[in-house]
Amino acid sequence: MDRKVDQSALKVNQAFIIGLLLLSFVLDSVWLAAVVGMVMLLGTAVPRLSLFKRIYQHLLKPAGLVRPHVITDNPEPHRFAQGFGGVMVALAVAALLAGQPILGWALAGLVVVLAALNLFVGFCAGCFVYYQLNRLGVPGFTHRPVQ
Amino acid sequence: MMIWERLLLILLLGLVGTGVFTAVKHLQIRRVNRRILAESTAKQPTLLYFRSETCAVCPTQARYLAEVLAAEEGGNGRFILQPIDIDHHPDKASQYGIMTLPTTMLLDAAGQVREINYGLTPPHKLRQQLKSVGIGT
């Protein structure tokens with residue numbers, strides 16, 4: 001059976017993450033960054049609760065603002081990438097709350113850069129790591145690239 | 001730090017990042033052209049397609065390339081599509097400075113690199129680039 005991933009849903013997700021993390025930096029809002037982190041982690045644990053993807057599915061796609069772009073792909077590496085990003089944002093928030101703003105915003109900035117690489121260049125760093133771990137036979141990373 | 005200072009910092013970092021990316025891409029084109037100039041024998045534009053088994057979106061890129069090839073070739077073979085599996089040809093990956101997959105490189109009829117695309121590249125962008133070397137209308 002073909003496995004399908006809507007690339008547009010992923011890109012909307014990445015755009016929200018980038019936009020809101022940049023906004024949280026501009027406003028110096030640790031809580032906004034924390035909300036982004038929670039959304040990312042919750043969306044990883046329970047994909048159907050992914051807030052930004054639901055905004056795409058229930059608002060942007062029906063309104064014709066974003067067209068679907070469904071390709072054959074595994075969803076698991078993208079979930080892993082989001083989970084990794086969510087953990088990085090959580091660490092960033094912890095650093096900010098611990099009074100380490102340079103470290104905190106640097107970690108959030110790294111998430112922005114990685115999401116931007118995915119959004120604009122099409123390189124998913126988390127997916128790359130997932131497939132390398134699959135190649136090494138690490139338990140839990142069971143999916144190979146779809147051929 | 002005030003809000004406008006943070007906005008300025010983001011803008012600055014964005015500009016620097018874009019500049020670095022553009023510069024790296026141009027440097028790579030020049031470096032690859034210096035390396036391949038002596039070997040080039042093709043008399044037609046060539047689209048090199050670097051792929052690997054661990055590259056998740058490479059099958060999708062292959063489909064996009066097949067679509068472009070079918071639309072532009074018309075049975076006349078106006079350009080060459082050359083897939084390169086870097087798992088079997090790591091020397092090619094090194095020679096062309098491949099940093100990510102998939103990467104597509106457009107060479108003109110003289111064998112010079114004109115465009116490099118990092119990551120999944122949609123058919124319309126490939127067709128636009130082929131037009132710049134005289135393929136398609």
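**View 1. A:Asp28 in its loop.** A:Asp28 is partly exposed, with 15 other C-beta atoms within 10 Å. (A residue is buried if 20 or more other C-beta atoms lie within 10 Å of its own, exposed if 12 or fewer, and partly exposed in between; C-beta atoms are placed from the backbone.) The residue sits in the loop between H1 and H2 of chain A. Its phi is positive, about 55 degrees, although A:Asp28 is not a glycine. Helices (H or I, at least four residues) and strands (E, at least two) are DSSP runs, numbered from the N terminus. This is a predicted model, in which local features need pLDDT of at least 70, side-chain atom pairs count only at pLDDT 80 or more, and totals for chains, interfaces and linings use all residues. Residues are numbered from 1 along each chain as its sequence is written, and chains are lettered from A and ligands numbered from 1 in the order in which they are written.

**View 2. Helix H4 against helix H5 in chain A.** H4 covers residues 75–97 and H5 covers residues 101–121; their axes come within 7 Å and cross at roughly 160 degrees. That makes H4(A) roughly antiparallel to H5(A). Axes are lines fitted to C-alpha atoms, for helices over the stretch in contact, and angles run from 0 to 180 degrees between N-to-C directions. Angles under 35 degrees count as roughly parallel, over 145 as roughly antiparallel, 65 to 115 as roughly perpendicular and the rest as oblique. The crossing of H4(A) and H5(A) is left-handed. (Left-handed: the near helix is turned anticlockwise from the far one by less than a right angle; right-handed: clockwise.) Residues of H4(A) in the contact include A:Gly85, A:Met88 and A:Val89. Among their partners in H5(A) are A:Leu103, A:Leu107 and A:Val111. Two residues are in contact if their C-beta atoms, placed from the backbone, lie within 7 Å. By class, the contact of H4(A) with H5(A) has 14 nonpolar, two polar and no charged residues. Here Ala, Val, Leu, Ile, Met, Phe, Trp, Tyr, Cys and Pro count as nonpolar, Asp, Glu, Lys and Arg as charged, and the others, Gly among them, as polar.

**View 3. Helix H2 against helix H4 in chain A.** The axes of H2(A) and H4(A) come within 8 Å and cross at roughly 150 degrees. The two helices are therefore roughly antiparallel to each other. H2(A) passes H4(A) in a left-handed crossing. From H2(A), the contact includes A:Ala33, A:Gly37 and A:Met40. From H4(A), it includes A:Arg79, A:Gly86 and A:Val93. The contact of H2(A) with H4(A) divides into twelve nonpolar, seven polar and one charged.

**View 4. Helix H1 against helix H5 in chain A.** The axes of H1(A) and H5(A) come within 9 Å and cross at roughly 150 degrees. H1(A) and H5(A) are therefore roughly antiparallel to each other. Their crossing is left-handed. Among the H1(A) residues in the contact are A:Lys11, A:Ile18 and A:Phe25. H5(A) contributes residues including A:Trp105, A:Val112 and A:Leu119. The contact of H1(A) with H5(A) has 13 nonpolar, two polar and one charged residues.

**View 5. Helix H5 of chain A and its cover.** Buried residues of H5(A) include A:Gly104, A:Trp105, A:Leu114 and A:Asn118. What covers the buried residues of H5(A) includes H1 (7–26), H2 (30–45), H4 and H6 (125–135) of chain A. A:Trp105 counts as buried, with 23 C-beta neighbours inside 10 Å. The C-alpha atoms of A:Trp105 and A:Phe141 are separated by 30 Å, and the two residues are 36 apart along the chain. At 1.5 Å a residue, the 21 residues of H5(A) should span 30 Å; its end C-alpha atoms are 29 Å apart, which agrees. (The expected span is 1.5 Å times one less than the number of residues.) A:Gly122 follows H5(A), and its phi is positive, near 80 degrees.

**View 6. Where chain A meets chain B.** The contact takes 18 residues from chain A and 16 residues from chain B. On the chain A side, H1, strand E2 (70–72) and H6 give two or more residues. H6(A) gives the most to that side, with four residues.

**View 7. A cis peptide bond in chain B.** The peptide bond from B:Leu101 to B:Pro102 is cis, with omega near -5 degrees. B:Pro102 is found in the loop between helix H3 (90–95) and strand E3 (103–107) of chain B. Chain B has four helices and four strands.
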